[in-house]
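Thank you all for making the time this morning. I would like to walk you through one model, and I would ask you to keep the sequence and the structure open while I talk.

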Amino acid sequence: MDASHTKLRLKTCVFSAVVILTNVLGNFFLSLGLRGGTLVSESPLAYIKVMFNPWVAAGIILLSVWMLSRMTLLSWADLSFVLPVTSLGYVVSALMARIFLKEQITGQRWFGTLLIVAGTALVGMTGPRTTPSSGKADTA
Amino acid sequence: MTKWVLVMLIVLSTTAGDLLLSREMKRHGEIDNFHPSRIGRLAAALAKRKFLVLGIAFMAFSFFAFMRLLTVADFSFAVPATAASYATETLLARYVLKERVDPVRWAGACLVMCGVALLAL
């Protein structure tokens, strides 16, 4: 395995972890902020108002980081690689619900979680990139 | 608006957004320099890509539709239901983006989809 291949793997692992964690925490905060009918109408003003809720604001910041880190990951990794690998977020969500919210997780949900972990491991065995990157540089 | 209409809108816009983002980011080239002084130039270069901006607009639409969905449905329904986009996106990644999805990757993607479905049931 040459150095550039190792570097690509390492970079992919780091960015996948950032994508997973920011997505899970972002969605979680957003969900906390939107509970109890915070968003009462479909008007644009209602959306702007709800963004000042601290939980919603924190969720939006984390989801912005998620979007940017995911775009960076997609600059070299296949979409068909990124999708299953970052789905480990479901597993992290289930663990968070179990540990922090003390929610009961049924056997069926644990089995679903196990399938996601197995699927992610399989996809992780394949190389992150199967198409050539047609761009020539990392900046303008 | 019913929750299933919202799920459909989210799946369609996420699929379109992701395909455009993936194609445009590959066309831009691998990002390899994360020095803060390069971020501005990088953002300016990316902002010139019309289809990338369109992809971000689709993702933004999907995000607001998801916010709306969270107000009419449980988190435990919203997240797995919108994961239906995994199936459409993997197929389109193979046939539109021409990614080489080998049997191991197909098997992995199918396991993930089954897992997500089990979480949703």
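Let me begin with a question: which element gives the largest share of the lining of the second largest pocket? Before I answer, please bear in mind that what you see is a predicted model, and that the values I quote are computed from it. The answer is α2 of chain B, which supplies five residues to that lining.

Staying with this pocket, its space comes to about 330 Å³. The elements that each give two or more residues to the lining are α3 of chain A, residues 54–74, together with α2, residues 36–47, and α3 of chain B. In total 17 residues line the pocket, and those nearest its centre are A:L68 and A:T72 from one chain and B:I39, B:L42 and B:L46 from the other. If you sort the lining of this second largest pocket by class, you find 14 nonpolar residues and three polar ones, with no charged residue in the list.

The largest nonpolar core holds 55 residues, and the members that touch the most others are A:L30, A:Y90, B:M67 and B:L69. The element that gives the most to this core is helix α3 of chain B, residues 50–72, with eight residues. For A:Y90, leaving aside residues up to four places away in sequence, the partners are A:I116 in its own chain and B:V79, B:A83, B:Y86, B:V116 and B:L119 in chain B.

Now a few words on chain A as a whole. Chain A has six helices and zero strands, and 45% of its 140 residues are buried. Among the contacts in chain A between residues at least 6 apart in sequence, 77% join residues that are at least 24 apart. The chain exposes about 7,100 Å², and carbon and sulfur atoms supply 71% of that area.

Finally, I would like to point to one loop residue, B:D32, which sits between α1, residues 3–28, and α2 of chain B. Is B:D32 buried, exposed or partly exposed? B:D32 counts as partly exposed because its relative accessibility is 34%, and that value falls between the 20% limit for buried and the 50% limit for exposed. As for distance, B:D32 and B:I56 are 24 residues apart in sequence, and their C-alpha atoms lie 21 Å apart in space.

Terms used:
Residues numbered from 1 in each chain as written. Chains lettered and ligands numbered in written order. Predicted model: local features only at pLDDT ≥ 70, side-chain atom pairs only at ≥ 80, totals over all residues. Heavy atoms only, no water. Core = buried A, V, L, I, M, F, W, Y, C linked by side-chain atoms within 4.5 Å. Buried < 20%, exposed > 50% of the residue type's maximum accessible area, 1.4 Å probe, protein only. Helix = DSSP H or I, 4+ residues; strand = E, 2+ residues; numbered from the N terminus. Contact = heavy atoms within 4.5 Å. Areas by Shrake-Rupley, 256 points an atom, 1.4 Å probe, with all protein chains shown as cover. 1 Å grid on protein atoms, 1.4 Å probe; cavity = no way out; pocket = protein on both sides within 12 Å on 5 of 7 lines; lining within 4 Å. Points joined across faces, edges and corners; volume = space filled by probe spheres on them. Nonpolar A, V, L, I, M, F, W, Y, C, P; charged D, E, K, R; others polar.
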